[in-house]
Amino acid sequence: MTELSPAMLVAMANANRTLLDGTTAPVRQIIESNDVVVAVWQDFDQPLGMGTLIIKGAAMLRNISANNAGVRCRVTAVPSDSYEQAVALLKVLGEGELLN
């Protein structure tokens with residue numbers, strides 16, 4: 001079992017930042033290509049100095065947790081400037097369901 005650390009999420013978001021061009025097309029492609037997508041932003045009021053919001057895969061994660069079963073899935077993170085921007089990503093490009 002591989003657990004995602006905060007450092008791994010930040011590394012994924014930073015790697016995906018290089019793909020962004022100011023439009024929603026690259027973010028949409030990242031979201032569509034993965035099973036679970038987490039928005040990550042710097043937030044010094046949060047533990048570890050970062051905020052996170054699941055923008056895709058909340059239902060999958062709930063099922064995995066409820067069934068206590070391991071499932072292979074593609075996971076990545078996208079950079080966000082703030083919680084508000086992450087919520088906008090969730091509503092516009094994600095699944096629209098808050099898990100956090």
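Guide: One definition to begin: buried means under 20% relative accessible area, exposed over 50%, and partly exposed in between (1.4 Å probe, protein chains only). By that scale Arg74 is partly exposed, with a relative accessible area of 46%.

Visitor: Where do these coordinates and numbers come from?
Guide: This is a predicted model, where local features need pLDDT of at least 70 and side-chain atom pairs count only at pLDDT 80 or more, while totals for chains, interfaces and linings use all residues. Residues are numbered from 1 along each chain as its sequence is written, and side-chain values use heavy atoms, with hydrogens and water left out.

Visitor: Back to Arg74, then. Which side chain does Arg74 meet in a salt bridge?
Guide: That of Asp35, at 3.2 Å, N to O. A salt bridge here is a side-chain nitrogen of Lys or Arg within 4 Å of a carboxyl oxygen of Asp or Glu.

Visitor: And what does the pair tie together?
Guide: Asp35 lies in the loop between H2 and E1, and Arg74 in the loop between helix H3 (58-67) and E3, so the pair ties together parts that are 39 residues apart in sequence. Helices (H or I, at least four residues) and strands (E, at least two) are DSSP runs, numbered from the N terminus.

Visitor: How many salt bridges does the structure hold?
Guide: One. As for Asp35, at 22% relative accessibility it counts as partly exposed.

Visitor: New topic: the sheet. What is the strand order?
Guide: The order is E2-E1-E3, in an open sheet of three strands with mixed pairing. E2 (50-56) and E3 stand at the edges with a single partner strand each, so one side of each has no neighbour in the sheet. From one strand to the next, the twist averages 30 degrees. Angles run from 0 to 180 degrees between N-to-C directions, with axes being lines fitted to C-alpha atoms, for helices over the stretch in contact.

Visitor: What about H4, which strands does it touch?
Guide: Helix H4 (residues 83-92) packs on the sheet, touching E1, E2 and E3, and its direction makes about 5 degrees with that of E2. Contact means heavy atoms within 4.5 Å.

Visitor: Which residues of H4 are buried?
Guide: Ala86, Val87, Leu89 and Leu90 are buried. Seen down the axis of H4, the buried residues fall within an arc of 155 degrees, so they line one face; the arc is that of the directions from the helix axis to the C-beta atoms. Glu84, Lys91 and Val92, on the other side of H4, are exposed.

Visitor: Last one: how many residues are in the largest nonpolar core?
Guide: It has 14, and those with the most contacts inside it are Ile31, Ala39, Leu53, Ile55, Val78 and Leu89. H4 gives the largest share, four residues. Such a core is a set of buried Ala, Val, Leu, Ile, Met, Phe, Trp, Tyr and Cys residues joined through side-chain atoms within 4.5 Å.

Definitions and conventions. Pairing = 2+ DSSP bridges.
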